[in-house]
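Please look over the model below with its backbone geometry and its packing in mind.

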Amino acid sequence: MRKKEKIGENEFFSIWLLLAGFGAITTLVLIMCISSAGKIPDNVGRVLTEEEQEAVVGRNSALAEYVYLSPNADFPREGTITKITIHHMAGDLELEEVGKRFSDRDRRTSANYAIDSSGKVALYVEEANRAWTSSSKENDSQAVTIEVANDEVGGQWHVGDESYEKLIELCTDICRRNGIEELRYTGDESGNLTLHKMFADTECPGPYLESRVEEIVQTVNQKLKQEE
Ligand SMILES: [Zn+2]
């Protein structure tokens, strides 16, 4: 009797150990899955090969001539793209310099795109991911964000014609590829063309761009209709 009892105990112990082992492995796999979901992709924060850049641009706007992917983003974004948010750089920065700032993790800032004062477009956060631009997680989860260079520092924060024209082109392209049929500017966050100043105490995108928002919306919508 005694012997039998002992074997029973040992068996019970082995089964318990086995179950504990399985439990540990399951937990480990779960942890790995969860951490990989928010993991920064390996093409972020470094110079891409020509092939890599081509693949990235292929998933985003073909207007992007410069690519330097920022780690300051949610990978992937939670919402679907239904909005565009316009910002200004508050300066006339080179796209490389903007990329450098966005690659600094301490700054915790980025944008999907930027347009420099010559009208050249850069991509920093792929559209599938949420850029940290507008001081609003809710807005940026739904928006593609664009920084536009100024050719005047302070004052009206003027934007040159080349940048302005490229902004129209980029907005049209974003709408077309993401199924946004029409842009609406309501002056508040209920529209699908939003401005940084709606979410934070900032002048961004500056008086000049703000004065042209209605015109931007009209021009983009005309172009979207023409392409139908
Ligand atoms: Zn802004």
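Ser135 is found in the loop between β6 (130-131) and α4 (137-142), where helices (H or I, at least four residues) and strands (E, at least two) are DSSP runs numbered from the N terminus. This is a predicted model, in which local features need pLDDT of at least 70, side-chain atom pairs count only at pLDDT 80 or more, and totals for chains, interfaces and linings use all residues. Residues are numbered from 1 along each chain as its sequence is written.

**Backbone torsions**
- Ser135, a residue other than glycine, has a positive phi near 60°, and Ser135 is partly exposed, with 16 other C-beta atoms within 10 Å (buried means 20 or more such atoms, exposed 12 or fewer, partly exposed in between, with C-beta atoms placed from the backbone).
- Trp157, in the loop between β7 and α5, also has a positive phi, near 50°, and is buried, with 22 other C-beta atoms within 10 Å.
- The peptide bond from Phe75 to Pro76 is cis, with omega near -10°, and Pro76 is in the loop between β2 (73-74) and β3.

**Domains**
- The domain assignment (bounds from an automatic or database assignment) gives domain 1 (1-37) and domain 2 (50-226), and their C-alpha centres lie 52 Å apart.
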